[in-house]
Amino acid sequence: MTLKIDTICALATAIGQSGIGVVRVSGPLSKVISKKILQTELKPRHAFYGAFYDNEGNTIDKGVAIYFPGPNSYSGEDVVEFQGHGGMSVMRKLLEIALFLGARLSEPGEFSKRAFLNGKIDLVQAEAVQDLIQSSSEESALSAVRSLTGEFSEKINHLLAELTSLRVFVEATIDFSDEEIDFLESHQVSTKLKNLKDLLKNILESANQGAILRDGLHVAIAGKPNAGKSSLLNALTKQPSAIVTDIAGTTRDVLKETIHIDGMPLHIIDTAGLHNSDDIIEQEGIKRAYTEINNADVVLLVFDTKDNSPDFSILPDLVKNKPVICIRNKIDLSNARSEVRKLGNQLEVSLSAKNGDGVDILRKTLAEFAGLNSDGEGVFLARKRHIESIDQTLIYINSALEQLEGGASELVAEDLRQAGMSLGQITGEFSSDDLLGEIFSSFCIGK
């Protein structure tokens with residue numbers, strides 16, 4: 001990939017009025033632009049306080065400017081940051097001057113993309129920058145920091161080095177075909193592969209937890225009319241999000257709220273009551289309910305305790321392979337106690353959405369269902385592509401083990417090569433332009 005050598009600029013702080021606003025400039029013209037705006041030469045990594053001038057020599061603001069010469073900067077290029085008052089007119093004027101002097105507006109995530117291309121950070125760390133900005137809880141922020149500081153990358157790079165070493169060793173034995181199998185067995189290649197497989201599974205578990213911390217768990221509340229679905233939504237969110245009445249079918253549309261349980265975002269969707277209806281509006285509500293149920297990670301099937309058991313027939317067919325937690329509601333009317341119990345392969349939580357009895361049990365059950373550690377130690381935020389790469393790596397390692405048992409060392413070497421390619425995509429050791437474009441396009445401007 002050819003590095004761009006043009007100079008980019010962007011507002012690095014949020015748009016709006018604030019005490020301080022920052023315009024960031026990166027590229028070969030950074031120092032020239034700063035000298036024009038400040039009418040002075042900046043010393044590397046020294047904060048300069050003074051006036052900011054426009055192209056005609058008029059003062060537009062007074063603030064702080066810092067020059068970071070490459071490669072010792074965030075992007076690996078010459079970088080200048082102008083820290084002025086956070087009014088949009090001032091920030092816009094600074095950008096206009098930088099553009100006039102030869103810079104262009106940056107693309108989303110272009111500063112971080114240049115940092116990656118210049119070897120300052122890997123892909124995992126670049127993604128962690130965005131994840132840290134978007135973190136909605138302390139736990140997800142801490143997990144993002146673990147990735148940003150290289151903890152995740154270090155684990156992946158260690159495994160990649162082990163895979164590469166094994167592949168080189170296996171390839172070296174191919175020239176000695178008469179003794180290669182005994183040679184591989186004597187050097188415990190199978191044992192080493194199994195150890196790598198176990199390490200990958202441990203990383204996959206942490207990655208899955210990190211993905212839940214990052215993206216959250218989507219929970220659809222389903223059930224018959226008047227089962228107490230809206231009351232359960234209100235109990236979980238601790239606010240009157242949904243209208244609750246004794247009239248069946250009050251909810252006709254989809255209601256969505258987000259809460260946090262042990263740092264995990266929980267996206268709760270309240271749906272219309274599932275039943276046969278001739279009402280056109282209710283039919284549309286039920287259709288939307290089916291869509292949300294099919295897209296959910298887990299379904300809470302709410303039923304009235306007087307019904308004794310839930311009616312699974314009201315759920316859409318596609319939900320058969322989806323996790324369902326049964327919610328025995330309105331226990332305040334039957335004097336039953338709140339509890340969680342396992343009935344076969346099904347979990348059932350008894351509670352009263354009306355008075356809140358048992359709702360904390362449900363919260364704990366959902367956290368356990370998500371597989372979250374209470375302390376979050378060792379968890380790093382992960383994305384879908386990380387998990388897919390680890391899954392694919394495990395497929396190749398399992399294939400290598402099978403080929404090893406069959407005595408096909410050439411195929412073992414190829415599987416290990418493919419495993420290394422899959423794993424290397426996580427940190428960007430092996431990456432395509434399309435992958436980079438997809439990753440950085442989701443970043444905010446100025447980062």
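This is a predicted model: local features need pLDDT of at least 70, side-chain atom pairs count only at pLDDT 80 or more; totals for chains, interfaces and linings use all residues.
Guide: Two strands count as paired if DSSP finds at least two bridges between them.

Visitor: How is the pairing of strands in a sheet to be understood, parallel or antiparallel?

Guide: In general, the strands of a sheet pair through backbone hydrogen bonds, in either a parallel or an antiparallel sense. Here, strands β1 (residues 8-11) and β2 (residues 18-26) are antiparallel and share four bridges. Within this pair, Ala 10 stands opposite Arg 24 of β2, and Leu 11 has Val 23 of β2 as its bridge partner. The two strands form a hairpin with six residues between them, in which Gly 16 adopts a positive phi near 135°. On β5, β2 has a further antiparallel partner, joined to it by seven bridges; there Val 22 is bridged to Gln 83 of β5.

Visitor: In what order do the six strands of the open sheet lie?

Guide: The order is β3-β4-β5-β2-β1-β6, and the pairing is mixed. The edges are taken by β3 (48-53) and β6 (104-105); each has a single partner strand, so one side of each is left without a neighbour in the sheet. Helix α1 (residues 30-38) packs on this sheet and touches β2, β3, β4 and β5, its direction making about 80° with that of β3. Helix α2 (residues 88-100) also packs on the sheet, touching β1, β2, β3, β4, β5 and β6, and its direction makes about 175° with that of β1.

Visitor: Which strands stand at the edges of the sheet of seven strands?

Guide: That open sheet is likewise of mixed pairing, and its order is β8-β9-β7-β10-β11-β13-β12. Its edge strands are β8 (255-261) and β12 (339-343), each with a single partner strand, so one side of each lacks a neighbour in the sheet. From one strand to the next the twist averages 25°.

Visitor: How does β13 pair with its neighbours, parallel or antiparallel?

Guide: Both senses occur. Strand β13 (residues 346-350) runs parallel to β11 (residues 324-329), to which it is joined by four bridges, and antiparallel to β12, to which it is joined by five. The hairpin of β12 and β13 has two residues between the strands, and Gly 344 in the turn has a positive phi of about 70°.

Visitor: How are two packed helices described?

Guide: The description rests on the angle between their axes and the distance between the axes. For α12 (residues 384-406) and α13 (residues 409-427), the axes come within 8 Å and cross at roughly 170°. Angles over 145 degrees count as roughly antiparallel, which makes α12 roughly antiparallel to α13. Among the residues making this contact are Tyr 396 and Ile 397 of α12 and Leu 416 and Leu 423 of α13. By class, the contact comprises 11 nonpolar, nine polar and two charged residues.

Visitor: At what angle do the axes of α6 and α13 cross?

Guide: The axes of α6 (residues 151-173) and α13 cross at roughly 160° and come within 9 Å, so α6 is roughly antiparallel to α13. The crossing is left-handed. Residues that meet here include Ile 156, Leu 160 and Leu 163 in α6 and Val 412, Leu 416 and Leu 423 in α13. The contact divides into 13 nonpolar, six polar and three charged residues.

Notes:
Residues are numbered from 1 along each chain as its sequence is written. Side-chain values use heavy atoms; hydrogens and water are left out. Axes are lines fitted to C-alpha atoms, for helices over the stretch in contact, and angles run from 0 to 180 degrees between N-to-C directions. Angles under 35 degrees count as roughly parallel, over 145 as roughly antiparallel, 65 to 115 as roughly perpendicular and the rest as oblique. Contact means heavy atoms within 4.5 Å. Ala, Val, Leu, Ile, Met, Phe, Trp, Tyr, Cys and Pro count as nonpolar, Asp, Glu, Lys and Arg as charged, and the others, Gly among them, as polar. A crossing is left-handed if the near helix is turned anticlockwise from the far one by less than a right angle, and right-handed if clockwise.
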